[in-house]
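Subject: Structure for your files

Hello,

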Amino acid sequence: MSVVRTDPFAGTILQLGVLAGLAGTVGLGRAGWLAGLVYGVVLLAALGHGLRRTGARRLGPADWVTLTRATLAGGVTALVVDSFSRPTPVAVLVGLTAVALALDWVDGQVARRTGTVSALGARFDMEVDSFLVLVLCVHVADQVGPWVLAIGAMRYAFVAAGWVLPWLNGPLPPRYWRKTVAAVQGIALAVVAADTLPVASAVAVLVGALALLVESFGRDVRWRWRHRTPVVRTEPARPAVVRSPVPAARRAGWEPAAPVLVGRAEVGGRRS
């Protein structure tokens with residue numbers, strides 16, 4: 001009997017609530033609505049797939065915090081896409097981002113205190129972080145240049161590299177520095193998105209964040225290279241060659257006698 005998992009649908013309702021709130025306060029155009037709705041549908045499908053794959057029936061307490069962060073990230077996505085055709089409400093965008101970044105610390109604390117740490121929760125948390133960073137990179141690209149997209153694309157490039165180089169896949173040992181570097185990316189992008197820094201200072205902040213990200217990913221790549229499983233190449237087994245004893249006998253210097261057949265056969269060349 002299949003299990004109906006309703007939690008992802010609750011996340012979709014939350015997403016609709018965030019979009020409706022934005023539309024009723026700062027306004028939201030068609031592009032923003034479309035981006036927010038597409039994001040909500042993808043979030044619903046991805047979360048439902050994760051629950052089915054892990055066999056979980058419900059989200060844990062920390063997962064609900066992450067789901068709230070995900071809906072806020074959907075609101076940021078809607079505002080960023082909407083900014084392509086209308087002025088951006090910077091204060092609202094930065095406010096949503098700040099709350100989402102703060103909840104990133106909260107969900108980890110909830111997971112540890114409630115004993116509900118899970119692989120699904122960790123993956124969900126990481127995907128929300130990665131997508132929020134990518135969206136913020138798109139937003140600040142007009143301020144500092146398209147090179148900043150390297151920050152948002154770093155994690156996805158790492159995943160794509162794993163398709164070509166299988167040794168890049170697999171779990172990594174826990175490392176607090178990795179989580180710290182991820183948080184720095186979001187904070188740096190939120191500060192630049194506030195549009196209060198001179199361009200030179202904004203570039204310096206993001207270059208520093210990118211350097212930390214490259215160092216963190218480089219350390220993970222080096223660890224996986226050192227702990228990769230060597231590929232053992234095996235050659236197909238060759239069929240056994242059965243040699244006839246006749247040539248060997250001939251090499252020994254003697255010839256076998258002619259076959260002796262019983263009955264109507266020739267014995268030594270004569271008919272019996």
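How much space lies in the largest cavity? About 70 Å³. This is a predicted model, in which local features need pLDDT of at least 70 and side-chain atom pairs pLDDT 80 or more, while totals for chains, interfaces and linings use all residues. Residues are numbered from 1 along each chain as its sequence is written, and side-chain values use heavy atoms, without hydrogens and water.

A cavity is a set of points on a 1 Å grid over the protein atoms alone where a 1.4 Å probe fits but cannot get out; a pocket is an open set with protein on both sides within 12 Å along at least five of seven lines, and lining residues have an atom within 4 Å of a point. Volume is the space filled by probe spheres set on the points, which are joined across faces, edges and corners.

The lining of the largest cavity includes R69, D104 and D129. Helices α4 (90–114), α5 and α7 each supply at least two of its residues (helices are DSSP runs of H or I, at least four residues, numbered from the N terminus).

The second largest pocket holds about 640 Å³. Among its 17 lining residues, A46, L47, R123, F124 and E127 are the closest to the centre. Nine lining residues, the largest share, come from α2.

Helices α5 (residues 119–144) and α7 (residues 176–193) have axes that come within 9 Å and cross at roughly 35° (axes are lines fitted to C-alpha atoms over the stretch in contact, with angles from 0 to 180 degrees between N-to-C directions). D129, V133 and G186 are among the residues making this contact (heavy atoms within 4.5 Å), and D129, V133 and G186 also line the largest cavity.

Regards
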